[in-house]
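Below are some questions and answers on one protein chain. Look at the sequence and the model before reading on.

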Amino acid sequence: MKDTNAFNEMMVHLPLCTHKEASNVLIIGSNNEDMKAQAAKHNKVSNIEFGDLSFLKSHNEKNVDVIVLTDVKLDELLLANIDRILKD
C-alpha cells in the first residue's frame, strides 16, 4: 500500500491540514517523490526535506513545523529528537 497515491495523500495532507501555517516540512523514512509532490500542493509549504533517523540527530535548530514519519519505528530517543527540532 505504501506505493499508492492514497497512502501518500493521507500521510502528507492530514498533518499539513492540521497545522495552521506549516512552511518547513521534514519527511523521515522512505524517500518518495510522490509524497514530496503531495506536500508541495500546500501553498504555505516553502521547504520540504527528506531524511533518515540520523538527520533528526544532526539537526539542532527548532525550525521544523511538521514531521511526517513514513516507515519508522517510534522509541523514546526518536521522540526526544523530534521534540528538539519541532517548533513549539
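Q: Is Asp-65 buried or exposed?
A: The model is a predicted one. The relative accessibility of Asp-65 comes to 10%. Residues count as buried under 20% relative accessible area, so Asp-65 is buried.

Q: Which residue forms a salt bridge with Asp-65?
A: Side chains of opposite charge can pair when their charged atoms come close. The structure holds one salt bridge. In that pair the closest N and O atoms are 3.4 Å apart, and the cut-off for a salt bridge is 4 Å. The partner of Asp-65 is Lys-87.

Q: How many residues apart are Lys-87 and Asp-65?
A: Lys-87 sits in the segment after helix H4 (76-85). Asp-65 belongs to the loop between helix H3 (53-58) and S3. The pair thus links distant parts of the chain, and the separation is 22 residues.

Q: Is Lys-87 buried, partly exposed or exposed?
A: Lys-87 has a relative accessible area of 37%.

Q: What is the order of the strands in the open sheet?
A: The sheet has three strands, with parallel pairing. Strand S2 (47-51) and strand S3 (66-69) are the edge strands, each pairing on one side only. Strand S1 (residues 24-28) pairs with S2 over five bridges. The order is S2-S1-S3.

Q: Which residue in S2 is the bridge partner of Asn-24?
A: S1 and S2 pair in the parallel sense. S1 covers residues 24-28. The bridge partner of Asn-24 in S2 is Asn-47.

Q: At about what angle does helix H1 run to S3?
A: Helix H1 (residues 5-18) lies across S1 and S3. Its angle to S3 is about 155°.

Key: Residues numbered from 1 in each chain as written. Predicted model: local features only at pLDDT ≥ 70, side-chain atom pairs only at ≥ 80, totals over all residues. Heavy atoms only, no water. Pairing = 2+ DSSP bridges. Helix = DSSP H or I, 4+ residues; strand = E, 2+ residues; numbered from the N terminus. Contact = heavy atoms within 4.5 Å. Axes fitted to C-alpha atoms, helices over the stretch in contact; angles between N-to-C directions. Salt bridge = Lys/Arg side-chain N within 4 Å of Asp/Glu carboxyl O. Buried < 20%, exposed > 50% of the residue type's maximum accessible area, 1.4 Å probe, protein only.
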